[in-house]
Amino acid sequence: MPEPLKNLLHEALVGDMADHIAANAPSFDRDRFVNLATDGLAALELMERSALIRDALFATLPDDFPEAAAILKASLPAVGKAGLSGWMLLPVNQFIAARGPDHFDLGLDLLKALTPHFTAEYGIRPFIHRDQQRALAIISGWVGDPDRHVRRLASEGTRPRLPWAMRLPQLVKDPAPILSILTALMDDPEDYVRRSVANSLNDIAKDHPDLVAAFIGGHIEGASPERRWLLKHASPTLLKKGHARALANFGFGAAASLACELRLAKDEVLFGEGLDFEIRVTNAGEATQSLMIDYAIHHVKADGSLSPKVFKCKTISLAPGQSHAIGRRHAMRPITTRRYYPGEHRIAILVNGAESASQSFVLVMPN
């Protein structure tokens, strides 16, 4: 079994943190910090452990934030010198998120210095929430930074719906203020940064589909392969929903004169096994068609209603009169993100976003 996440923060790591800080602050009470940061640590989960260590920092670093910030910055790694890095910096993020917004520029500067050694995307969000205009004015200046981690922080930290992080309701409502940041980083030389831009655009598409579809349409003509990849990976939410402008951005128009057949291997599936099916599409028209073929499983919910989940299948080009068959098995097994219920489910085939064939099947739970 994999090691529990909580064990990323442990007593030895606390001791190393204490050593790095004490080396840069002779008055730092190392032993008190260790005692406070490890008292009951073993019984806690990851974020609880981080909060305990953060509270130990509150108790042992100077109350004056500029003085504490100077100690923490001096304790970061430098050339030929070890320092605070990796998971040690999760509680440091929390310390800065709590104390830093009252010293706005200094707090953001410390997070910028920290991010090459561990992510700071969670720490900057309270700053954006406190004063979005001021924070984004500073963060926008990071898009040309020579350090790729700082550039990525500009896009990742401003994502409106960053998973496991504080949501940014103003940017959920109106993401326009971060579009200039994403545009500036769209052709970044680092794939690491471009993936973050794609994720941010996909976040925005959940609330503003027309805005993102138009943004992508405005940047796809003449795009390099790297930019085209980014724009495609910014679009899965839109493409799965069959958004017409998003489909057109990638050459998928409304399918015309297309025959679509769906065949199930059996109409009952035992939970733990798989749904085997075959799709056959035939182009009965007079022009070659680019087709994006997906399928949706309409799962039974606890109240008996159906809830669809779209899965990617295949993209093909089909000449006039040509047919293409696709065989798939969709696993129906336990997963942590879904609870399955027995009863009549449905599978639907989506061609360029439009439902083109469907059948029902019964999911049977084992005794």
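Arg 148 lies over the face of Tyr 192, with 4.6 Å to the ring centre. For a charge to count as sitting over a ring, NZ of Lys or CZ of Arg has to be within 6 Å of the ring centre and within 35 degrees of the ring normal. Lys 232 also has its charged end over a ring, that of Phe 250, at 5.6 Å from the centre.

A word on the source: this is a predicted model, where local features need pLDDT of at least 70 and side-chain atom pairs count only at pLDDT 80 or more, while totals for chains, interfaces and linings use all residues. Residues are numbered from 1 along each chain as its sequence is written, and side-chain values use heavy atoms, leaving out hydrogens and water.

Setting aside neighbours within four places in sequence, Phe 33 is in contact (heavy atoms within 4.5 Å) with Val 14, Met 17, Ala 18, Phe 28, Ile 53, Ala 56, Leu 57 and Thr 60.

That list brings us to the rings. There are 8 aromatic pairs in the structure, a pair being Phe, Tyr or Trp rings (for Trp, the six-membered one) with centres within 6.5 Å; planes under 30 degrees apart are stacked, over 60 edge-to-face, and the rest tilted. Phe 28 and Phe 33 have ring centres 5.6 Å apart and planes at 50°, so they make a tilted pair. Both of these Phe residues are buried, meaning under 20% relative accessible area, with exposed over 50% and partly exposed in between (1.4 Å probe, protein chains only).

Phe 277 and Tyr 295 go edge-to-face, at 5.0 Å centre to centre and 65° between the planes. Phe 277 is in strand 3 (residues 274–283) and Tyr 295 in strand 4 (residues 289–300), so this pair ties together parts 18 residues apart in sequence. Both Phe 277 and Tyr 295 are buried. Elsewhere, Phe 58, Phe 65 and Phe 95 are linked into a cluster by ring pairs.

On to the charges. Salt bridges (a side-chain nitrogen of Lys or Arg within 4 Å of a carboxyl oxygen of Asp or Glu) number 23. Here are a few of them.

| Salt bridge | Closest N to O |
|---|---|
| Arg 30 and Asp 31 | 3.6 Å |
| Asp 276 and Arg 329 | 2.8 Å |

Arg 159 sits in the loop between helix 9 (148–156) and helix 10 (169–173), and Asp 203 in helix 12, 44 residues apart. Arg 159 is buried at 8% relative accessible area, and Asp 203 is buried at 3%. Both also belong to a salt-bridge network with Glu 121, Arg 152, Glu 156 and Lys 206.

Asp 276 is in strand 3 and Arg 329 in strand 6 (residues 323–331), so their bridge ties together parts 53 residues apart in sequence. Asp 276 is partly exposed at 25%, whereas Arg 329 is exposed at 56%.

How values were computed: Helices (H or I, at least four residues) and strands (E, at least two) are DSSP runs, numbered from the N terminus.
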